Each structure stands twice: as C-alpha cells, then as structure tokens.
Amino acid sequence: MLQTAQRTAKSKTKKTAPPHDRFLEAFRWMLLTRTLEEKLVSLYRGGLITGGVYIGKGQEAVSVACGLFLQQGDIFAPLIRDQAGRSAFGEPLIDVTRTYLGSRLGPMRGRDGNIHRGHPRKNELAMISHLGAMISVTVGTLMAKRFKGEKNFVGLACIGEGGMQTGSLHEGMNIAAVEQVPLVVVATNNHYAYSTPNDREFACHDLVDRAIGYGFEGYSLDGTDLGTCLDVIGGAVKRARAGRPPQLVVASVLRLSGHGEHDDASYVTEEIKRQPFARDCLKVAEQTIIDLNLVDAETLAEWRKKAAAQVDEAIADAQKEPAPEGDKEDWCALSTRDLVDSFE
Amino acid sequence: MSITYLEAIREAQAKLLRVDERVFIYGQDVGGTFGGAFKATKGLAKEFPGRVLNTPISEDAIVGTAIGAAIQGMRPIVEMQFADFSSIALNQILNNAGTHYWRTNVPVPITIRLPSGGTKGSGPFHSQSMESIYAHYPGLIVMTPATVEDAYTMLIEAVAIDDPVIYCEHKYLYYHLKADKLPEKGLPTGRARIAREGRDLTIVSYSAMMQESLAAAEELAREGFEAEVVDLRTVKPLDADTVLASVARTGRLLCAGESFPWGGATAEVIARVTSQGFHLLDAAPQRLNAKDTPIPYHPNLWSAHRPNAQNIAAKARALLRE
Ligand SMILES: Cc1ncc(C[n+]2csc(CCOP(=O)(O)OP(=O)(O)O)c2C)c(N)n1
Ligand SMILES: [Mg+2]
C-alpha cells in the first residue's frame, strides 16, 4: 500500500526531548562526515588526491539514517553520497582516507578508489559505478541468508533519482519483490543527476508512486529534517525486518556540492536553491539542538573539535602508509591461482 | 545405457544439488514441472524443493542476485535461456562478478550456463557463441565442453571453483552427442586434450567445432593426412603448452571456432603460437570462424555461415599444400 509520510511539524517550545531518541548520535555522525568531506575536498584542491572526490553535502541526514538502524548481520549497499551512512554502519575512517589517498593497506589496496570501497565480508558491499547494479546484488545476499536459515536480517540499498532510471534498478526492485526479501531501498532525489535536472530524468508525478508498481511499500520524506529521516527510514528498516514487503523511501534534498569536486555546479538554478528541500540538513539539525536546548554550546564545540581530530588522525595515518607498486603488484584477477591464464 | 550431452548437464546439476547444500539453480523457466527451455533441469525442482527457482525475465538481476548470494557463501548456478540473452547481463558479469575478487579480495563463485551456438532455424538471436567476449574480460573462467564426459565433469568442476565460471554448453551437441556412461573425474580444468593424434597438422578447436574438426580429420585421413585435433576444453585459461607441443610435432596450425571472426579464441591461439612458437611453424597459421554477419535463420544460409567439417577439411588441405 502506498503511504506518504508527512514531515513532522516542528515546535519551538522548550521541550528538551529530541525529535528522535537517536537524534544526537546521528547528528554526530553527520558532523564527522561533513568534517571529513570538507577535509577531503581541501586535499583534492591541493592536488593530494588522485581521481575524483564525491561528497554527500546536504544528504547526511538521509544517509546517516540508512546506516544507523542496521545491525550485526544486516547488509548495507551504500552509493556515491553515503559517507554518513557508512560511518554509522561501522566503516572506520581509516578505510576512507586510505582509499582516497591510495594506501596499499586500504580495503581496495589502490585497485579501486573513492566511493567504490567496501568490505563484503563485513556486509558493506563494494559498489560498482554502474548505477542500479547493486540492488539485485543486495537481494542475492538476503536470499543467501534465508537459504542458510538466518533470521531477523535486513538489507538496505541506496540509490539516487538518476540511478532510479536504469533498467538494472528496475530489474532489481522487481526481483526483490518477487523474492520477498527484507530489503529497504532508499532513493535520494537531490534534484540532479550530474547536471541533468528532474524534468529530463523522469516524467511521473512522484517517484514514490513507483513503489506500488513494484509491490513495495513506499514513503517519501523531507531529507533535510533529521528527525523525519530517522523516523521514516528507521520505520522502514523495522517493517522490512518484521517481514513486511520490501520498502521504498524517497527522500527529497538538494545536492549542495558539485557532482564531484571537479564540477562547479553552475547549472544549479537560483530558483531551486530557494526551495525548502535546499536547506542544509546539518544546519537544520544543529538549529534543532539549539532550539530544544538538547546540548549546550560547549558540548557542540567539543564534538566539532573531536571530529576534526579524528579526521586529522585518519589522514595523517594514511599519508604515512606505502603506496602500491606496479612491479610488486599481484596481477591476478582470479582467486584460483592455477587457473590464471599466462600471457608471457 | 546411453546418455546425451544434455542429460549429462542435468545429471551434473542433480549431483551438485544432492551433495552441496550451497547450490541452487536460478533462471527463467528452470523450475516447476517445466525444467527449462531445453529441459536441462527437468525434474530437479521436484527433487530439490526451493532450490530450483524460476525468475522474471531479468538477466541483469538474475546475475546480480547470484553474485550477492555467492558473496554470502552460496554456489548459484544461473541458467541463461539462451547465451544470446546474457548480453543483458554483461554488466553484472563483466563489471561486477569479473572485478569483485580483484577489487575486494572476496571471490564470487557463480556458474553461468550459456546454451550456446547455432542450430538450424534459430536465427540471429538464439544462436550466438559468446565465449570470446567473456574470455576478453579479466576475472572469468570460460569453459567450452565438447564431449558428454566433459559436459558432466566440467560443470561439477565449475561449481567447485571459487571464481566466476562461464560454462558454454552447445545446443547442437545437446542431442547429437551420446556416451555410454559418465566418468567420475575428468582432466583438470585448464588442460587441453588431444582428441585425435596426428602428425601432419594441428587443428585446435573447442565445443561443437571440435566435433566438426574430428569429422574433418576423418575426411583427411581417407586422403592420407593425419590431423591432430586439440580440444581446448576451456578457452580461458588457454592451454598454450598443449597446443605448442602439438604444433612442435606437426608444424602446421589451423584453428576453428564458431564465434564471429574479429579477434576471439582462435585469434588468441594463433597469437600465442606465433609469438611463443614461431620457429615451430612450417606455414602461416590459419583460422576459420563464422562469417562476419549476424547468424542467419534459413538452414541453407546457416550451414554456410559457420565452419563445418567440409570447409575445415578444405582449409586444412590448403594449409597442407603450403
Ligand atoms: C549506468 C551509469 N551510467 C552513467 C554513469 C555516470 N554517472 C555517475 S554518477 C551520475 C549521476 C547520478 O545521479 P543520481 O543517481 O541522481 O545520483 P547523485 O549523483 O545525484 O547522488 C552519472 C550519470 C554511471 N555511474 N552509471
Ligand atoms: Mg541525483
């Protein structure tokens, strides 16, 4: 059944209860993410990062909610702008800095970069660039868990509104519903796919309407409001875990950066920047904390300092580590060594 | 008892389902009472409830799902209804399965069965041989069994291998090849086989073209030429050593394959032999492939499009005159 979650009305009373019981925890992951990504951007500008840098500015509230409610044994398939979710899921910062800085000790060992990193053995899938492809892979991991008799697990896969227009995504959503696996798909409509605005991406009234067509339950939400993100995405995870049909959540935000740091995003119109979904979710969350007096200013400053220190440490550590070397590399794409073809 | 190539494939899957609880079969129409477009899974859904599953017509998602299941410890066997439709799954096969171990150190033990190659009247979209495309990309093993025995043991081996295997089963051989019984064990994966010994030239082939090459060798034998026929068995990895050893004996090389002529398995064999064994050659190596057009529907056109025993023999005669 199609249900659309309403944005929760925000009261300006002196209540001190947070909008969600994990609000502050989530806020700290968002803060860490913003701090990390700003640092990555400056390293990129300084020429210290090879390849692209893709950040999730403006999407941290949605993303953190994607990682926060997953437990041991759950599967997470993050995408381009999911640093907050990855961190909340348990990805150590050093994985990020090692990958961006090309350390041989990182999870990808210099073989793949930036956002493609993952730890399949720790249930953090390693995305391929081809958008939409990870949905069915997530379905497969959940089927395997069911085959093995595991219980109480879910999978959560992220996608952008651009990736939602691929055939691969369509096949993946459909097969998820056919297999009735406990999957949550969180689609973030940040109103652009690279430079292409929504009106050249799709022509349906609302992307969440597709849920009913796939046999998913669908919800849409204001992705700039952390409390709502936690409520709605947390609720979807809970419903999937409880055996409801697969869940689709469509979040509305604006991408507050270029597509990557190489992109000045000059095509983003002034008009769209004035829309309610263009708010910065981190600022909104911080304002909520101040308005509701959830923590004092010193504590906030302390959190900021701590985040900066963690980021600095992860960068400094990765910078000390060895880079991969072509003549020492194990050029072997198969795990079965005696079946490697020889081109000598 | 007589068992066909197709029955060997079914038997291999039955055995795998019996002995290995990680195995499941995933593909269009493989389940229920139907048992697949070619009946390669007939009866298996009943014998192994819940483990032989029909899928939507979603090749991309079928392979994606298999990849995910494999990462989590299963051993899925995917049946493509026809090899031709695996083009829809190319992305998952090449970019996801083929890169996964290299990128993450976690192998993807999936087996993808491709009913391959031409039969009369099947036309451009139900006749393709795609081994060369899959062999071109890193991270995949490409099997091309040419005998009933290999169809059986290689499929069992494919599922045991920790890496993705593209298993090209030839539709023409499904009913045309028969064996008395199934072996317990075959040659190791990656090892070519001398299917027929000879001293005058080497014909390297695989899958259905191996059978055509054997028939060509019979024709040549009646004319007094002894062709050695090498069955590659897997086109990747390619057993260049066995091929080179044969060329060392014969001095002449002809390669026959059913895929399109630009590049591919036959070109790879010739590249390896000329670069590693140029001194062994008494004449320029030759190859025969299908024509560089889509595969025709009409039997007259179809039989002229792909190599066969007659034109393999003709090419061999010309090479022997060199
Ligand atoms: C199938 C595919 N085609 C093209 C690309 C190149 N590409 C990378 S990101 C991107 C835009 C993605 O837009 P969206 O899904 O909305 O995600 P966002 O970047 O907005 O987070 C494109 C076109 C790709 N990765 N995959
Ligand atoms: Mg977008």
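1. A cavity here is a set of grid points where a 1.4 Å probe fits but cannot get out. With that in hand, and bearing in mind that this is a predicted model, the count comes to four cavities of 30 Å³ or more. The largest cavity has a volume of about 80 Å³.

2. Let's stay with that cavity for a moment. Its lining is made of 13 residues, and those nearest its centre are A:E37, A:Y54, A:Q83, A:Y100 and A:R117. Helix 1, helix 3 (83-89) and helix 4 of chain A each put at least two residues into the lining of the largest cavity. Helix 1 of chain A has the largest share, with three residues.

3. For open space, turn to the largest pocket, which has a volume of about 660 Å³. It is lined by 31 residues, and B:S132, B:A135, B:H136, B:Y137 and B:K236 are the closest to its centre. Three elements of chain B give two or more residues to this lining: helix 5 (131-136), strand 12 (234-236) and helix 10 (264-277).

4. Which residues touch the most other members of the largest nonpolar core? They are A:L156, A:L183, A:F216 and A:L226, in a core of 146 residues. Helix 1 (residues 23-45) of chain A gives the most to this core, namely 10 residues. Chain B takes part too: at least three residues come from each of its domain 1 (3-179) and domain 2 (193-321).

5. Leaving out residues up to four places away in sequence, A:F216 touches A:M173, A:A176, A:A177, A:L183, A:V185, A:A211, A:P246, A:Q247 and A:L248. There is also a second, separate core of 27 residues, and B:Y5, B:I141, B:Y152 and B:Y174 are among its members.

6. Now the cysteines. A search of the whole structure finds zero disulfides over all chains. B:C255 is in no disulfide either, and the nearest cysteine sulfur, that of B:C168, is 17 Å away. B:C255 counts as buried, at 1% relative accessibility.

7. Helix 2 (residues 60-68) of chain A is mostly covered, with nine of its nine residues buried.

8. Is A:H116 buried or exposed? A:H116 counts as buried, because its relative accessibility is 13% and the cut-off is under 20%. A:H116 sits in the loop between helix 4 (93-101) and helix 5 (133-147) of chain A. Setting aside neighbours within four places in sequence, A:H116 is in contact with A:M108, A:A126, A:M127, A:I128, A:S129 and, from chain B, B:R103.

9. Finally, the layout of chain B. Its domain assignment gives domain 1 (3-179) and domain 2 (193-321). The centres of these two domains, taken over C-alpha atoms, are separated by 26 Å. The contact between them takes 30 residues from domain 1 of chain B and 23 residues from domain 2 of chain B.

Conventions:
Residues are numbered from 1 along each chain as its sequence is written. Chains are lettered from A and ligands numbered from 1 in the order in which they are written. This is a predicted model: local features need pLDDT of at least 70, side-chain atom pairs count only at pLDDT 80 or more; totals for chains, interfaces and linings use all residues. Side-chain values use heavy atoms; hydrogens and water are left out. A nonpolar core is a set of buried Ala, Val, Leu, Ile, Met, Phe, Trp, Tyr and Cys residues joined through side-chain atoms within 4.5 Å. Buried means under 20% relative accessible area, exposed over 50%, partly exposed in between (1.4 Å probe, protein chains only). Helices (H or I, at least four residues) and strands (E, at least two) are DSSP runs, numbered from the N terminus. Domain bounds come from an automatic or database domain assignment. Contact means heavy atoms within 4.5 Å. A disulfide is a pair of cysteine sulfur atoms within 2.5 Å. On a 1 Å grid over the protein atoms alone, a cavity is a set of points where a 1.4 Å probe fits but cannot get out, and a pocket is an open set with protein on both sides within 12 Å along at least five of seven lines; lining residues have an atom within 4 Å of a point. Grid points are joined across faces, edges and corners, and a volume is the space filled by probe spheres set on the points.
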